[in-house]
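Me: Can you walk me through this model? I'd like the helix packing and the aromatic side chains.

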Amino acid sequence: NMALQQRGQDMSLMGANAQARASSQAGMMGAMGALGSAGIAAFCWVAREVYGSHNPQWLLFRQWMLNDSSNWFFDLYVKHGEKFAKFISNKPKLKSIIRKWMDTKIK
């Protein structure tokens, strides 16, 4: 009877350890995914400035830029995008012009 109790405790401990490992790994993967998403979001300065961060259109533009834009445009965006987004932040007419151009890339 004691041997069966010990065996049951051992199995419970093994199950608890496995569950703890799985939970820990899931947490790490979730954190890495969140960091990756944050990095990509931080990368799309102009699109978020032009469309607004709550408008999903900026995500469509990001997809176009990452997958279909030319290398020169991508490199230009990476190098100057953050500064340019700050520059246009208080220029609604310029943002409107840029939005019209961006719309041609996502539709």
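Me: What should I know about the model itself?

Reply: This is a predicted model: local features need pLDDT of at least 70, side-chain atom pairs count only at pLDDT 80 or more, and totals for chains, interfaces and linings use all residues. Residues are numbered from 1 along each chain as its sequence is written, and side-chain values use heavy atoms, with hydrogens and water left out.

Me: OK. At what angle do α3 and α4 pack?

Reply: About 120 degrees, with the axes of helix α3 (residues 57-67) and helix α4 (residues 71-88) 9 Å apart. Axes are lines fitted to C-alpha atoms, for helices over the stretch in contact, and angles run from 0 to 180 degrees between N-to-C directions. Helices are DSSP runs (H or I, at least four residues), numbered from the N terminus.

Me: What do you call that arrangement of α3 and α4?

Reply: That makes α3 oblique to α4. Under 35 degrees is roughly parallel, over 145 roughly antiparallel, 65 to 115 roughly perpendicular, and the rest oblique.

Me: Which residues make the contact?

Reply: From α3, Phe-61, Trp-64, Met-65 and Leu-66; from α4, Phe-73, Phe-74 and Tyr-77. Contact means heavy atoms within 4.5 Å.

Me: New topic. How many aromatic pairs are there?

Reply: The structure holds 11. Rings of Phe, Tyr and Trp (its six-membered ring) pair if their centres lie within 6.5 Å; planes under 30 degrees apart are stacked, over 60 edge-to-face, the rest tilted. Phe-73 and Trp-101 make a tilted pair, 5.5 Å centre to centre with 50 degrees between the planes.

Me: Where do those two sit in the chain?

Reply: Phe-73 is in helix α4 and Trp-101 in helix α5 (residues 92-106), 28 residues apart, so the pair links distant parts of the chain. Trp-101 is partly exposed, at 36% relative accessible area.

Me: Which residues do ring pairs link into a cluster?

Reply: Trp-45, Phe-61, Trp-64, Trp-72, Phe-73, Tyr-77 and Trp-101.

Me: And which charged ends sit over rings?

Reply: Among them, that of Arg-48 sits over Trp-58, 5.6 Å from the ring centre. That of Lys-91 sits over Phe-87, 4.2 Å from the ring centre. The cut-offs are NZ of Lys or CZ of Arg within 6 Å of the ring centre and within 35 degrees of the ring normal.

Methods:
Buried < 20%, exposed > 50% of the residue type's maximum accessible area, 1.4 Å probe, protein only.
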